[in-house]
Amino acid sequence: MKALKDFTIQFVGLKEGEHQFDYNIDSTFFKNFEYDEFNEVDVNIDLKLIKKSTLLELYFDASGFVNVNCDLTNEPYNQEIEDEFKLVVKFGAEYNDDNEDILIIPHGEYEINVAQYIYELIVLAVPAKRVHPGIEDGTLKSEILSKLEELSPKEVNEDKASEEIDPRWNNLKKLLTDK
């Protein structure tokens, strides 16, 4: 966790007002969290910290991409990431992070580590179902897609289906229509 020291902000020495922090997140960041769902990561985090006399406001803005494997074809592709998050840091008697938007830290604290919030912001920005854009527009050609197409159920011709019905069923259908 020593590598995450860069994400610690010492707010005690900052003047009241707005402060800007920029982070470039790559694959090594996620190794610290033992998260290996991403092949490659290139996300920029713009963090705006507004220090007030009784609280801190943190505005996270993430933009970039993560390279993930498609859930259907397992083909890697770049998934665009655009997300934002607001966190309010208040001071209280003891540490409390039960509310996802409000963090309460003890009065004597002088720094805050934002690595966990950046990690969650990026992971939650990725869609639950990852589909390669080439599948949606039909440009992706792969063995898996052709095999799925081959094994998919075929539409049954309705005229042919009605011809193959046993004639005894037709007699039963007459009972429904004859009243």
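**Close-up views of a predicted model**

View 1. The model shown here and in the views below is predicted. His-19 belongs to strand S2, which covers residues 17-25. Leu-58 lies 39 residues away from His-19 in sequence, and the two C-alpha atoms are 9.6 Å apart in space.

**View 2. Overall make-up of the chain.** The chain holds six helices and seven strands. Followed along the sequence, these elements give the pattern β-β-α-β-β-β-β-β-α-α-α-α-α. Of the 179 residues in the chain, 31% are buried.

**View 3. Glu-34 in the loop between helix H1 and strand S3.** Glu-34 occupies the loop that links helix H1 (27-31) to strand S3 (40-51). Its phi is near 55°, a positive value although the residue is not glycine. Most residues other than glycine have a negative phi. Glu-34 is classed as exposed because its relative accessible area of 74% is over the 50% limit.

**View 4. The hairpin of strands S4 and S5.** Strands S4 and S5 are paired in the antiparallel sense, with 15 bridges between them. Within this pairing, Asn-67 stands opposite Asn-78 of S5. The two strands form a hairpin in which six residues separate S4 from S5. In the turn, Asn-74 has a positive phi of about 65°.

**View 5. A patch of negative charge on the surface.** Six acidic residues, Asp-22, Asp-46, Asp-61, Glu-80, Glu-82 and Glu-84, gather in a negatively charged surface patch. Strand S5 (residues 76-92) supplies the largest share of this patch, namely three residues. Asp-61, another member of the patch, is placed in strand S4 (residues 55-69). Asp-61 has a relative accessible area of 34% and is partly exposed; the value falls between the limits of 20% and 50%, and therefore the residue is neither buried nor exposed.

**View 6. Strand S6 beside strand S5.** Strand S6 comprises residues 102-106 and runs parallel to S5, to which five bridges join it. Lys-90 stands opposite Ile-104 of S6. Strand S6 has two faces: Leu-103 and Ile-105 form the covered face, whereas Ile-102, Ile-104 and Pro-106 form the uncovered one.

View 7. Leu-175 is located in helix H6, which spans residues 167-177. Leu-175 is exposed, with a relative accessible area of 62%, a value over the 50% limit for an exposed residue.

Methods:
Residues are numbered from 1 along each chain as its sequence is written. This is a predicted model: local features need pLDDT of at least 70, side-chain atom pairs count only at pLDDT 80 or more; totals for chains, interfaces and linings use all residues. Side-chain values use heavy atoms; hydrogens and water are left out. Patches are made of residues with over 30% relative accessible area and no salt bridge: like charges are joined within 9 Å, nonpolar side chains (Val, Leu, Ile, Met, Phe, Trp, Tyr) within 5 Å. Accessible areas come from the Shrake-Rupley method with a 1.4 Å probe; for residues, only the protein chains shown count as cover. A salt bridge is a side-chain nitrogen of Lys or Arg within 4 Å of a carboxyl oxygen of Asp or Glu. Lys and Arg count as positive and Asp and Glu as negative; His and the chain ends are not counted. The place of a charge is taken as NZ of Lys, CZ of Arg, CG of Asp or CD of Glu. Helices (H or I, at least four residues) and strands (E, at least two) are DSSP runs, numbered from the N terminus. Buried means under 20% relative accessible area, exposed over 50%, partly exposed in between (1.4 Å probe, protein chains only). Two strands pair if DSSP finds at least two bridges between them.
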